[in-house]
Amino acid sequence: MAKLVSIEMRLKKNEINAKLSDEPVKEMEDKGFPRKLANEEIMNYKGPVHYISHHQVIRPEKRSTSVGIVFNSSAAFNGHGLNQYWKKGLNLNYLSGV
C-alpha cells in the first residue's frame, strides 16, 4: 500500500504525467490484459495473492511510446515475491553472446 500511495502522490503533483500515464494503462485494458474481478471471483478464490507495483517511465524523446509502464514482480512482501514462483527460462543474454 505504501508504494501505491507514493505513486499516487507523485502523480497528483504532476497532472501532465498523470494524464500521460493513463494512456498505456487504457491501451492494456483495451487489449484485455487486465480486468476487474467480480466480487464472486474474489470471494471464491482461495489461492495465493500477489500485488505487483508498477510505475511510469517517461521518455519524451520517443514519439511512439513516450510513457511506458514498468511492473516490479521481483518486489517481496513477507519474504515472498512473485518471481520466486515462476519457472526459470533460458538465459537469453548468454545465448546471444552478451
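Is Glu15 buried or exposed? Select Glu15 and take a look: at 55% relative accessibility, Glu15 is exposed. Keep in mind as you go that this is a predicted model.

**Stop 1: the confidence colours**

Colour the chain by pLDDT. The chain average is 83, and 94% of the residues score at least 70. Now select helix H3 (residues 39-44), which has the highest mean pLDDT among the elements, 95. Then select helix H4 (residues 92-96), where the mean is the lowest, 69. Where pLDDT is low, the predicted coordinates should not be read in detail.

**Stop 2: along helix H2**

Next, select residues 15-30, which make up helix H2. H2 has 16 residues, and from its first C-alpha to its last it reaches 23 Å, close to the expected 22 Å.

A side-chain oxygen of Asn14 comes to within 3.2 Å of the backbone nitrogen of Ile16. Then move past the other end of H2, to Gly32, which has a positive phi, near 85°.

**Stop 3**

Show the side chains of Asn17, Ser21 and Pro24, which are buried in H2. They lie on the same side of H2, because they cover an arc of only 60° around the axis. To see what covers the buried residues of H2, show helix H1 (2-13), strand E1 (53-58) and strand E2 (67-72), which are included in that cover.

Now turn the view around. The face of H2 turned away from the buried side carries the exposed residues Glu15, Ile16, Lys19, Glu23 and Asp30.

**Stop 3: the salt bridges**

- Select Lys19 and Glu15: they form a salt bridge, with the closest N and O atoms 3.4 Å apart. Because the two are four residues apart in H2, about one helical turn separates them. Lys19 is exposed, with a relative accessible area of 53%.
- Select Lys31 and Glu27: here the closest N and O atoms of the salt bridge are 3.3 Å apart. Lys31 is exposed at 55% relative accessibility, whereas Glu27 is partly exposed at 45%.
- Select Glu41 and Arg35: in this salt bridge the closest N and O atoms are 2.8 Å apart. Glu41 is partly exposed, with a relative accessible area of 33%, and Arg35 is exposed, with 56%.

Note on methods
Residues numbered from 1 in each chain as written. Predicted model: local features only at pLDDT ≥ 70, side-chain atom pairs only at ≥ 80, totals over all residues. Heavy atoms only, no water. Salt bridge = Lys/Arg side-chain N within 4 Å of Asp/Glu carboxyl O. Buried < 20%, exposed > 50% of the residue type's maximum accessible area, 1.4 Å probe, protein only. pLDDT = per-residue confidence, 0-100. Expected span 1.5 Å × (residues − 1). Arc of directions from axis to C-beta. Contact = heavy atoms within 4.5 Å. Polar contact = N/O pair within 3.5 Å; in protein donor to acceptor, adjacent residues only side chain to side chain.
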